[in-house]
Protein chains: 2
Amino acid sequence: MANFADVAKQFTDFYYNQFDADRKQLAALYRENSMLTFESASVIGAPSIVEKLASLPFEKVKHAVGTLDAQPAPHDGILILVTGALLVDAEERPMNYTQTFQLLPDGAGSFFIFNDIFKLVYG
Amino acid sequence: MANFADVAKQFTDFYYNQFDADRKQLAALYRENSMLTFESASVIGAPSIVEKLASLPFEKVKHAVGTLDAQPAPHDGILILVTGALLVDAEERPMNYTQTFQLLPDGAGSFFIFNDIFKLVYG
């Protein structure tokens, strides 16, 4: 199995690139029991999660990851904590955010997102 | 079993009260395979974690939790994402931080910390 820190880095790069290019494509990273809490609103399951992400009130979005920390989690999972900046549409001032993911092995050599919590950070 | 959101709230209140009163007492919340990543430096096991916490370069510390989100995690665990402000010693300006915990059941009706990642957030 790949090193958890390498997987965390690869996952995070892929996730935010995909989010910023076409966030509806993120469905493949979630399963039916995955959970997203976005600004304290929670939804369960890949279809509801992608519906939530697609409904967010911005079109153009760019994530800039500032820091990334990862730990091994139970049952070969990986826990990730990201802090970063988010630039949406014509806004010139980025918003700070933090996001934690728990990845679990999918049994086919890759990982899916079981837990996903996103929160804006106001200074 | 208590509701995961209630446990998350009770845990977070207890953790930061204990941290601010006497952080060496936090040892009881960790186990030998628990992991702390504090500002990207990682240690494993309750003794090393408490040694790390005790060695932090401040005496007086006060956490103010701003937001708390929780999700059910695999195997009856609970994943928590906190954002808040930290005031240390004679500093008058609080620092923003984010912290994620993964709690696991201890088999005796309570929970211990398996994963703990702390990160300051710079605006």
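Trainee: How many salt bridges cross the interface of chain A and chain B?
Mentor: Two salt bridges are found across that interface, a salt bridge being a side-chain nitrogen of Lys or Arg within 4 Å of a carboxyl oxygen of Asp or Glu. In one of them, Lys119(A) pairs with Asp69(B) through their side chains at 3.8 Å, N to O.

Trainee: Which elements of chain A supply the side that touches chain B?
Mentor: At least two residues each come from β1, β3 (61-73), β4 (77-88), β5 and β6 of chain A. Strands here are DSSP runs of E of at least two residues, and helices are runs of H or I of at least four, numbered from the N terminus. The residues on that side of chain A are 13 nonpolar, twelve polar and three charged. Ala, Val, Leu, Ile, Met, Phe, Trp, Tyr, Cys and Pro count as nonpolar, Asp, Glu, Lys and Arg as charged, and the others, Gly among them, as polar.

Trainee: Before we go on, what kind of model is this?
Mentor: This is a predicted model, in which local features need pLDDT of at least 70 and side-chain atom pairs count only at pLDDT 80 or more, while totals for chains, interfaces and linings use all residues. Residues are numbered from 1 along each chain as its sequence is written, chains are lettered from A and ligands numbered from 1 in the order in which they are written, and side-chain values use heavy atoms, with hydrogens and water left out.

Trainee: How much area do chain A and chain B bury between them?
Mentor: They bury about 2,400 Å², with 67% of it on carbon and sulfur atoms; this is the accessible area (1.4 Å probe) that two parts lose on being put together, summed over both. The contact takes 28 residues from chain A and 28 residues from chain B, where contact means heavy atoms within 4.5 Å.

Trainee: Now Gln102(B): is it buried or exposed?
Mentor: Gln102(B) is buried, because its relative accessibility is 1%; buried means under 20% relative accessible area, exposed over 50%, and partly exposed in between (1.4 Å probe, protein chains only). Gln102(B) belongs to strand β5 (residues 95-105) of chain B.

Trainee: And what does the side chain of Gln102(B) make a polar contact with?
Mentor: Its partner is the side chain of Gln102(A), at 2.8 Å. A polar contact is a pair of N or O atoms within 3.5 Å; within protein, one must be able to donate a hydrogen and the other to accept it, and residues adjacent in sequence count only if both atoms are side-chain atoms. Beyond four places in sequence, the contacts of Gln102(B) include Ala73(A), Pro74(A), Phe112(B) and Phe114(B).

Trainee: Back to charges: which residue does Asp106(A) form a salt bridge with?
Mentor: The partner is Arg31(A), with the closest N and O atoms 3.9 Å apart. This pair links distant parts of the chain, 75 residues apart: Asp106(A) is in the loop between β5 (95-105) and β6 (111-121) of chain A, and Arg31(A) is in strand β1 (residues 30-38). Asp106(A) is partly exposed at 28% relative accessible area, and Arg31(A) is partly exposed at 30%.

Trainee: Where do Asp13(A) and Lys9(A) lie?
Mentor: Both are in helix α1 (residues 4-22) of chain A, four residues apart, about one turn of the helix.
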